[in-house]
Amino acid sequence: MRAGFPDFRLGNVLATSFTGTLSERHGNAVERIPTPHRLVDWLAVSGLAVDSCTAAQLDLARELRESIHAAATAAAIQDALPASAVQVINDCSAQGRAAAVLTPEGKRRWRLSSASCVEDALSVIAADAISIIAGERDGKLALCASPTCRAAFFDTSQSRTRKWCDMNTCGNRQKKARFNANQRKNPRSAE
């Protein structure tokens with residue numbers, strides 16, 4: 001990974017992991033793909049390696065990211081999907097030439113051709129977003145309970161009651177804030 005950039009917050013669901021490349025949307029936003037090379041890095045760790053990325057392709061990736069976030073947020077709160085977001089997701093999905101392949105372990109992986117470009121990788125992300133927003137996968141879309149985050153995430157927990165997009169970041173931060181607030185209210189409880 002390239003030094004000087006914030007770490008990626010990788011999840012188990014490609015589309016919502018991609019939306020996590022911009023975090024703390026309602027606080028001090030953290031852009032995790034600020035350069036074309038950083039998008040290449042994210043795609044590589046997500047199993048969608050490409051050789052290069054232009055500034056225009058980075059802009060397209062960010063447009064797709066924001067469209068997925070808007071549509072997933074609307075779906076999570078059971079609101080109408082924004083037409084412009086749906087159009088971007090559909091357009092990106094239709095552009096790609098990726099193929100789903102089965103691994104010896106019985107897992108699905110995406111294979112990009114040797115001539116693959118960023119658009120091919122983005123089509124895989126768009127197709128993943130379509131499958132979760134359309135309700136084709138076992139789980140539900142939810143929004144992070146952190147007031148500064150509010151990221152859309154795909155909850156596959158058994159009870160479907162997960163509150164945080166990532167327990168190691170948003171969940172711990174909120175629990176620590178609640179603990180500190182309780183300590184201020186009851187200073188003697190720490191003794």
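**Helix packing and cores of the predicted chain**

The buried residues of α2 pack against α1, α3 and α5. Here, buried denotes under 20% relative accessible area, exposed over 50% and partly exposed in between, with a 1.4 Å probe and protein chains only. Packing rests on contacts, defined as heavy atoms within 4.5 Å. The structure is a predicted model, in which local features need pLDDT of at least 70 and side-chain atom pairs count only at pLDDT 80 or more, whereas totals for chains, interfaces and linings use all residues. Residues are numbered from 1 along each chain as its sequence is written, and side-chain values use heavy atoms, with hydrogens and water left out.

In α2, the buried set consists of R38, L39, V40, D41, W42 and L43. Just after α2, a positive phi of about 80° is adopted by G47.

Six helices and six strands make up the secondary structure of the chain, arranged along the sequence as α-β-β-α-α-α-β-β-α-β-β-α. These elements are DSSP runs numbered from the N terminus, with helices (H or I) of at least four residues and strands (E) of at least two. The C-alpha atoms fill a box of roughly 65 × 40 × 40 Å along the principal axes. Of the 191 residues in the chain, 39% are buried. Among contacts with a separation of 6 or more, 55% are accounted for by residues 24 or more positions apart.

The largest nonpolar core contains 38 residues, of which F18, L39, L64 and I125 touch the most other members. Such a core is a set of buried Ala, Val, Leu, Ile, Met, Phe, Trp, Tyr and Cys residues joined through side-chain atoms within 4.5 Å. At least two residues of this core are supplied by each of α1 (14-19), α2 (36-45), α3 (55-76), α4 (83-95), α5 (118-133), β5 (140-143) and β6 (152-155). Helix α5 provides the largest share, nine residues. A second, separate core of eight residues includes A142, C144, F153 and C165. In soluble globular proteins, nonpolar side chains tend to be buried together.

Individual residues illustrate the packing. Apart from neighbours within four places in sequence, I125 is in contact with L14, A15, F18, W42, L43, L48, L64 and I68. Residue A71 lies in helix α3 and is buried, with a relative accessible area of 1%. With neighbours within four places in sequence set aside, A71 contacts L81, P82, A85, I89 and I133. The C-alpha atoms of A71 and L22 are separated by 15 Å, the two residues being 49 residues apart along the chain.

Residue S23, in strand β1, is buried with a relative accessible area of 4%. The side chains of S23 and R32 are joined by a polar contact of 2.9 Å. A polar contact is a pair of N or O atoms within 3.5 Å; within protein, one must be able to donate a hydrogen and the other to accept it, and residues adjacent in sequence count only if both atoms are side-chain atoms. The loop between β1 (22-23) and β2 (30-31) holds R25, whose side chain reaches the backbone oxygen of L22 at 3.4 Å. Not counting residues up to four places away in sequence, R25 touches T19, R65, E66, H69, T148 and C149.
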